[in-house]
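User: I am new to this structure and would like to learn how to read its features one at a time. Could you take me through them slowly?

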Amino acid sequence: MKDIVVSGIRSTGNLHLGNYFGALRNFIKMQDENNCFFFIADLHSLTTHPKSEDFHAKVRQVLAEYLAAGLDPDKATIFVQSDVPEVSELYTLLNMLAPVGELERTVSFKEKVRKQPDNVNAGLLTYPVLMATDILIHHATKVPVGKDQEQHLEMTRMFARRFNSLYESNYFPEPTAYNFGTELVKIPGLDGSGKMGKSEGNGLYLADDEATIRKKVKRAVTDVGPSVENAPMPEAIQNLFTILEAVSARDTVDYFRDKYRSCEIRYGDLKQQLADDICRVTLPIRERILAITSDANYIAKVAREGADRARSSASKTLSEVKQIMGFKPF
Ligand code: TYM
């Protein structure tokens with residue numbers, strides 16, 4: 001059966017391997033079989049970057065990267081969040097169903113309060129409501145995201161349930177976070193701990209050239225190596241293996257795991273392999289990014305047509321929601 005699939009990526013910077021393996025690769029796999037809506041979350045970007053000189057250029061870049069990675073506007077609706085004003089209106093309505101205490105307990109909010117204490121804005125607090133709106137406005141059933149978005153999906157389900165029960169309707173389906181085949185993905189950085197992220201400064205980007213990728217991988221944090229057989233793996237080394245598992249063949253991963261277990265591993269060899277396999281995945285995408293970025297007309301056409309399709313789905317939901325809630329035209 002066809003699912004309705006919705007997901008987005010913020011436009012705060014170029015797409016990295018975490019975005020690719022956590023989200024974008026699933027978008028591409030899902031677009032053949034399902035009714036998909038994939039967008040660029042430029043409104044969400046304002047919660048951390050309220051003013052950037054190149055705001056529009058970044059949206060354009062992510063759109064080009066979507067297309068270069070293989071998203072097909074003939075198969076999926078590809079659009080920019082702010083081109084669909086219905087999202088902002090439904091967001092206002094759903095905000096009434098979101099207790100502040102609940103929002104304050106969200107892990108991502110608490111993290112941002114720590115990271116940007118001088119800009120704890122209301123948009124950060126209601127980030128999960130806007131994200132739920134993105135999803136519910138198209139009646140999504142599946143949402144391909146990385147592991148870090150799990151709690152936001154739980155909250156989306158809660159808002160859907162709350163709406164359905166308050167207005168005694170069965171209107172919104174409860175969507176689930178989705179990864180093709182397996183558990184949700186978390187791609188770590190190369191700096192020893194934590195996830196790969198745009199603001200962490202530890203990203204391997206789809207648009208990076210070969211020399212940059214090789215340099216970044218070479219600099220990845222390691223240790224002196226195991227000194228006893230079957231030694232437990234420290235986080236920095238596990239992280240290299242997690243990325244290897246994403247980009248390399250099974251027997252390559254097994255080979256290096258055996259070498260680690262028997263204390264024969266040479267991190268230089270592991271890094272060489274890792275860089276080779278990352279390049280194999282990203283360099284063809286990089287080439288297409290360069291080609292598509294120079295085709296301004298094509299990018300504009302995709303955005304316009306995507307906005308039309310997304311708006312027609314979103315406006316239907318918005319008017320039904322308003323009717324359920326009791327709004328009536330005079
Ligand atoms: P953003 O831009 O932070 O991340 C976009 C997608 O990339 C995934 N991701 C990762 N996955 C694995 N490992 C990583 N290191 C990693 N870093 C990022 C994220 O899980 C996400 O799937 N709130 C969303 C954007 C959004 C959205 C939505 C998503 C707005 N509305 C509606 C789905 C549905 C976000 O965090 O974007």
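Predicted model: local features only at pLDDT ≥ 70, side-chain atom pairs only at ≥ 80, totals over all residues.

User: Which other residues place a polar side-chain atom by an oxygen atom of the ligand, and at what distance?

Analyst: A polar contact is read from the distance between two N or O atoms, with a cut-off of 3.5 Å. For Arg-10, a polar side-chain atom is found 2.8 Å from a ligand oxygen atom, while for Asn-19 the corresponding distance to an oxygen atom of the ligand is 3.1 Å.

User: How many residues surround the ligand, and which are the closest?

Analyst: The shell is made of 27 residues, and the closest are Tyr-127, Asp-134, Asp-148, Gln-149 and Ile-187. Sorted by class, this shell contains twelve nonpolar, nine polar and six charged residues. The space that the ligand takes up is the largest pocket.

User: Is α8 mostly covered or mostly open?

Analyst: To read this, one looks at relative accessible area, where a value under 20% counts as buried. In α8, ten of its ten residues are buried, so the helix is mostly covered by that cut-off.

User: Why does Ser-248 count as buried?

Analyst: Ser-248 counts as buried because its relative accessible area is 12%, and the cut-off for buried is under 20%. Its place is in the loop between α11 (235-247) and α12 (250-261), and its side chain is joined to that of Asp-277 by a polar contact of 2.6 Å.

User: What about Gly-8: where is this residue found, and why does it count as partly exposed?

Analyst: Gly-8 is found in strand β1, and it counts as partly exposed because its relative accessibility is 31%, which falls between the limits of 20% and 50%. Distance in sequence and distance in space should be read separately, and Gly-8 and Pro-144 illustrate this, being 136 residues apart in sequence and 8.9 Å apart in space, C-alpha to C-alpha.

Technical notes: Residues numbered from 1 in each chain as written. Heavy atoms only, no water. Near = heavy atom within 4 Å. Polar contact = N/O pair within 3.5 Å; in protein donor to acceptor, adjacent residues only side chain to side chain. 1 Å grid on protein atoms, 1.4 Å probe; cavity = no way out; pocket = protein on both sides within 12 Å on 5 of 7 lines; lining within 4 Å. Sits in = over half its atoms within 2 Å of the grid points. Nonpolar A, V, L, I, M, F, W, Y, C, P; charged D, E, K, R; others polar. Buried < 20%, exposed > 50% of the residue type's maximum accessible area, 1.4 Å probe, protein only. Helix = DSSP H or I, 4+ residues; strand = E, 2+ residues; numbered from the N terminus.
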